[in-house]
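Colleague: I would like to learn how to read a ligand site and the strands around it. Can we take it step by step?

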Amino acid sequence: MTTRESTTTETAVQNTSDTINRPLEANSISLDEAQELVHIGSWQWDVASGAIAWSDELYRIYGLKPRVRSIGYEEFMQLIHPDDREKVGSIINEAYQTKQSFEFEHRIVLPNKKIRILHGKGKVISDEAGNVKAMLGTSQDITERKKADQALHRSDERFRAVSAATSDVVYDIDLQTNTMWFNDALNTEYNYPQRRTLYTPDWRLNHIHADDRERVKASIEALLDRQDKTWVSEYRFRLHDGTYIDIRDRAFVLRDTDRKPIRIIGSMLDISQQKELERAKDKFISLVSHQLRTPLTSMRLLTEMLSSGYAEELTVSQHDYVQKIESSTVRMIHLVNEILGVSSIETGRLNVRPTETDVCALIQTQIDEITPLAEQRVKITYTPDETARTVTVDPTLFSQIVHNLLTNAVRYTLRDGATIHVSFQKVREEYILTVQDHGIGIPMEAQPHIFNGFYRANNAIKARGDGTGLGLYLIRLILDMTGGKIWFKSQEGEGSTFYVSLPSCGMMNNQMNKAIIQKTQA
Ligand code: ADP
């Protein structure tokens, strides 16, 4: 056809419509409408006359006014993008020669110079003798779809490039097919073989350490149920040689328009070295603290002996120095004990042993122990509540909580004659311990930080130079482990009230509390 002269005229277009497309004429209105709706135009080329007839929609696709004029072959070629003209010509030519149907994509240039991409389909109509009588076809504007495909392709390419460049194991779970794609790092870093078929989410789950598996499984299920997009978890993962490494897994959930999760894309970062360092640090802290405890206790004993005149009577200034050594030693013992407490909870070495306990007696013992510290400056009031006498708590840990709160209340009350109120009651489904003082209070700006380890408010540093900033942190760790809560109300200069709540079953042991946390997360 490219070699033929085009002789397109208005009459020829009319002829073509009459001869080839007559059956369609009856429906032409609805056909036009249908074409407009789906943005597909159609054309017919009558070989005998050389005329090409376009549907209205095809004119619109080319940015032209419908049926204002007919389009000849050469003019049609001018509308094709210059770089695609040769391809389009040869496809049509080949179809003409072979009488085969054809399908292709090409670009066109609109009168406003914008470029669109069309998808064309066509077929050849021959007469009984086998001579080509006409060609007809359709053209659809696929520019937007192509752009979306290209964008998708580019982002897919980027994802693959990042996956190839990183030594982290990157995965992509298809929740519809229940398959799991991994990047090459699964092979190069973890030594698992490349598979012809894809891995599955169950395969991954089964390679998570048995002690971590249920937790991870529950948190993935909870993630899919909730509307969250991101997820982070740490667990031990088995390598091909059977050894385990520590993993930090960060994932992102893709959802469809109904918010149903369809894919989870994530990366598994090997944090074994970091974990190893943390373990070494914790071990070091606990070892040093243990080692310090014995000599510190001897120092305390010896200074006590010295100051009580056990060896020889001391001069006044010697006595003064020895007392200073003694109080520093006591402070150091206190610090070492708190660090040990924190480190044993943080490393999970602390076992909670809840037993039925006379909590009222336990609180009274703590008050009695603290009273000498109060040095008659402050009064502590406490009326045991018989309805909350026997509760299941770990006596050591509960004593620690009461002790820390009481010590703070006494130490941060500077006004002589002030009273500290202590209560322990059952309030609906909880037990509430309250320690209320009328001391220095906590400044507003310090309030969000006081449960952080080593944090001390400025007014507290000024009032008492000897704090560690670990007492409340330790209480929070204990309560996190045992299913309790702590909060406070305070106003600077007016005083503070600390509240501790325990569930009606009392303190829970580590396993019970873990199970409840998982259940509420799910
Ligand atoms: P420490 O008392 O050894 O500094 P804590 O962890 O027990 O450490 O307390 C952290 C900080 O919280 C204190 O330094 C102080 O700023 C504030 N705080 C705690 N209890 C009270 C209280 N009863 N009154 C005023 N401030 C308090």
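Modeller: Start with the cut-off for polar contacts. A polar contact is a pair of N or O atoms within 3.5 Å. This is a predicted model. A nitrogen atom of the ligand lies 3.4 Å from an N or O atom in the side chain of Ser496, so that pair falls within the definition.

Colleague: Which residues have an atom 2.7 Å or 3.1 Å from an oxygen atom of the ligand?

Modeller: Tyr412 has a polar side-chain atom at 2.7 Å from a ligand oxygen. Gly471 uses its backbone instead: an N or O atom there is 3.1 Å from an oxygen atom of the ligand. On its own the ligand exposes 520 Å². The protein buries 98% of that.

Colleague: How many residues surround the ligand, and which are the closest?

Modeller: The ligand is surrounded by 21 residues. Asn408, Tyr412, Arg456, Thr468 and Leu472 are the closest. By class, the shell has 11 nonpolar, seven polar and three charged residues.

Colleague: Which elements each supply at least two residues of that shell?

Modeller: They are α14 (395-411), α16 (471-482) and β17 (495-503). The largest share, three residues, comes from α14.

Colleague: Let us turn to β17. How many of its residues are buried?

Modeller: Here is the general idea. In a regular strand, side chains alternate between the two faces of the sheet. Now the case. Nine of the nine residues of β17 are buried, so the strand is largely enclosed by the rest of the structure. Both faces are covered. One side carries Gly495, Thr497, Tyr499, Ser501 and Pro503. The other carries Ser496, Phe498, Val500 and Leu502.

Colleague: Which strands are joined to β17 by seven bridges?

Modeller: Look for bridges first. Strand β15 (residues 430-436) is joined to β17 by seven bridges, and the two run antiparallel. Val435 has Phe498 as its bridge partner in β17. Strand β16 (residues 485-491) also has seven bridges to β17, again antiparallel. There, Lys485 is partnered with Ser501.

Colleague: What do β16 and β17 form?

Modeller: A hairpin, with three residues between the strands. In the turn, Gly493 has a positive phi of about 85 degrees.

Technical notes. Residues numbered from 1 in each chain as written. Predicted model: local features only at pLDDT ≥ 70, side-chain atom pairs only at ≥ 80, totals over all residues. Heavy atoms only, no water. Near = heavy atom within 4 Å. Polar contact = N/O pair within 3.5 Å; in protein donor to acceptor, adjacent residues only side chain to side chain. Areas by Shrake-Rupley, 256 points an atom, 1.4 Å probe, with all protein chains shown as cover. Helix = DSSP H or I, 4+ residues; strand = E, 2+ residues; numbered from the N terminus. Nonpolar A, V, L, I, M, F, W, Y, C, P; charged D, E, K, R; others polar. Buried < 20%, exposed > 50% of the residue type's maximum accessible area, 1.4 Å probe, protein only. Pairing = 2+ DSSP bridges.
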